[in-house]
Amino acid sequence: MNELTVSSLGFPRIGENREWKKTLEAFWAGQISEDTFIREMTEIRLGALRRQKEKGVELIPVGDFTFYDHMLDLAAMFGQVPERYGYAGGKVSLATYFAMARGNSAAPACEMTKWFNTNYHYIVPEIGAFVPALAENRPLELYLEAKRELGIDGKPVLIGPCTFVKLSKGYDPANYAAIVERFLPLYGQMLAELQQAGARWVQLDEPLLVATLSDGEMKLLTHAYEYLANTAPGLSIMLQTYFDAVERYEEVSKLPVAGIGLDFVHGGKANLENLQRHGFPHDKVLGVGIIDGRNIWRANLSAKLQLLQAIAAIVPFKRQIIQPSCSLLHVPISLRKEANMDGGLRNALSFAEEKLDELQVLAAAIRNGADTVAASLRASAEALNKLAHSPARNQLAKDAPKARNVPNHRGTPYEVRQKLQRQKWSLPLLPTTTIGSFPQTPEVRKARNLWRKGEWSKEQYDQFIREQIKEWIALQEEIGLDVLVHGEFERTDMVEYFGEKLAGFAFTQNGWVQSYGSRCVKPPIIYGDVKFAAPMTVAESAYAQQLTAKPVKGMLTGPVTILNWSFVRDDLPRKEVAWQIALALRNEIKALEDAGIEMIQVDEPALREGLPLKRADWDQYLAWAGEAFRVTTSSVKETTQIHTHMCYGEFHDIIEAISSLDADVISIETSRSHGELISSFAANTYDKGIGLGVYDIHSPRVPDKEEMVHMIERALSVLPSHKLWINPDCGLKTRGKTETVAALNIMVQAATEVRARLQK
């Protein structure tokens, strides 16, 4: 019998019915007490552990559960609380913890950005004035809780010191090594206390290892793990990587840890080649990330079994731990509630619980022989084969050469377009606008639900949407905005809405995943060829334009964002799927322009997050992503103004690629980064219109006018006034009506004040 261990790297936090989200929002709204909040969160956490135990996971992760975000948890544990929150040391209170995440009346929230190249957002720790100290050993508390309540001898999970500091801010990058040194004793203390409590394994996630590392960074990482190995010599450290292949395999394999986890799904070819070329240390366990933790397709278990056999030729099964490729945070929990989905498609899917089942099939095949699970192996192959031959796939292949001849550049240079557009629109200096969506109030959600359940007719629902549009057009005019939007009241989600109207998409009933904080989304599934069917946004935009003499922007989600925020078919290169989406959206833009909508915003908030983790691969991605955007937008008239929007992320290193999109105006978040992005425009020339978000819409806090004036003036120090637009940093869908109107009034007042100053 071949022995091996089945493990997991993390499990979805939100609960099968989003109990986690509901508990959070009830607490924030003051509907439940702190004691009730803690009690309910504890039950949700234990429920996730029970599920993994029931699924046969032998090495169960503990500590991956959080009240908001795992990086924020570490910052709080180490007392890294910015001074603006009035923190005086010791254990961080829930009020302070959530103030860091969401802001409060006295201070803005910490920055939020994407977790590597996923659609999960983390809170960026600020390494500040407080000397790091272990305010609480949360991994220890959760380890003891799992042991006491469920009899689970779990595997505490936390982000490793090098990745934690690298993804933080507030320090000079030249001092990176010195900052890591500050935190090593705290990590050492945590590990020593875990060892004393009887823990056998601890998982330290260092996804930084799949990125391009300098010699200095590798030397620092070696020193860090030598230090940690000495602080708790009886505790086995699993050094976990994911999302791609390890960059410096030979050096990483020599680190003084008990195990190394590698991703054999994303970057699997390179990781396998490294094993075959360089071998694997005989004194270490290999964590084999064999089941895709980021996508929802069923695994071809026979192929996975062959891969495990190939790995076993180098690392015997008794030194293998088989596991998902990364935390299952990125996929929905269970297929149980997807009874209404087409059976052929449903059978080809695998969510978190099903992925744990797949691991058990592989383990049984290895332990007892493939014949014992032949039916399961055959079922996975048949389900995938049926999908591959679905009529929804491969229809566009014959049209691909013709489609490639579609123009992908606008015929007139930006400098010429800018002059023509300025004459056409006659907008004031520092024009004000919003990013697109307005509050999705309980009334809006109720109306949509009534319509979806058939209790309202389509005519009733459309009339309700028109009433919302009319109300908010009037409000925008009253506030004094210069360019208006219809508000997107008909849209549940900026990707789902378009997927519902394009061929090639499918949708789940309960396929929720966490995006940030309590914000959960149901990513569409791109399972077939994407095609335009009929206009998707024209009716609402055209109606809004009839209500005002001011320009109303048409609002679309861009091809790369639709791609990156969906679960994407894995039988085609991603760039081919992006091209299909771009051609479909090109038809929608023509329909908008034909209807008289000549300001059109094509949002690409996910452009940055799709960047490969290795810089050597960036140029190729940015080339096809930029081409997809230009295919979408290049057919318009020279006087039609194309806007785009991008969300939280580091943009300074792709300014040139952003410019190559050739959008007339781009809006980028600056509020949560406290205006730091503005410095990028001091160092990099940007020759097109730009809107720098002047306040944070992810916080309920309404900033004062002076803050916004300061942000505008800071932008004007590096950008010419005739190119600058004023807007919030993102859509206002998640905010309340009162705070939205208040914040926009202040924003317009701030723009008016600065405008008057400039025109003196």
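A residue counts as buried when its relative accessible area is under 20%, as exposed when over 50%, and as partly exposed in between, computed with a 1.4 Å probe on protein chains only. This is a predicted model, in which local features need pLDDT of at least 70 and side-chain atom pairs count only at pLDDT 80 or more, while totals for chains, interfaces and linings use all residues. Residues are numbered from 1 along each chain as its sequence is written, and side-chain values use heavy atoms, with hydrogens and water left out.

**Strand β5**
- Because 5 of the 5 residues of strand β5 (residues 155-159) are buried, this strand is largely enclosed by the rest of the structure; strands (E, at least two residues) and helices (H or I, at least four) are DSSP runs numbered from the N terminus.
- In a regular strand the side chains alternate between the two faces of the sheet.
- Both faces of β5 are covered, with K155, V157 and I159 buried on one side and P156 and L158 buried on the other.

**Strand pairing (at least two DSSP bridges between two strands)**
- Strand β2 (residues 61-62) pairs with β5 in the parallel sense over 2 bridges, and P61 has K155 as its bridge partner in β5.
- Strand β6 (residues 201-205) runs parallel to β5 and is joined to it by 3 bridges, with D205 of β6 standing opposite I159.

**Nonpolar cores**
- A nonpolar core is a set of buried Ala, Val, Leu, Ile, Met, Phe, Trp, Tyr and Cys residues joined through side-chain atoms within 4.5 Å.
- The largest such core has 147 residues, and W115, F164 and I322 have the most contacts inside it; helix α7 (residues 176-196) gives the most to this core, with 10 residues.
- Apart from this core lies another, of 96 residues, including V485 and I666.
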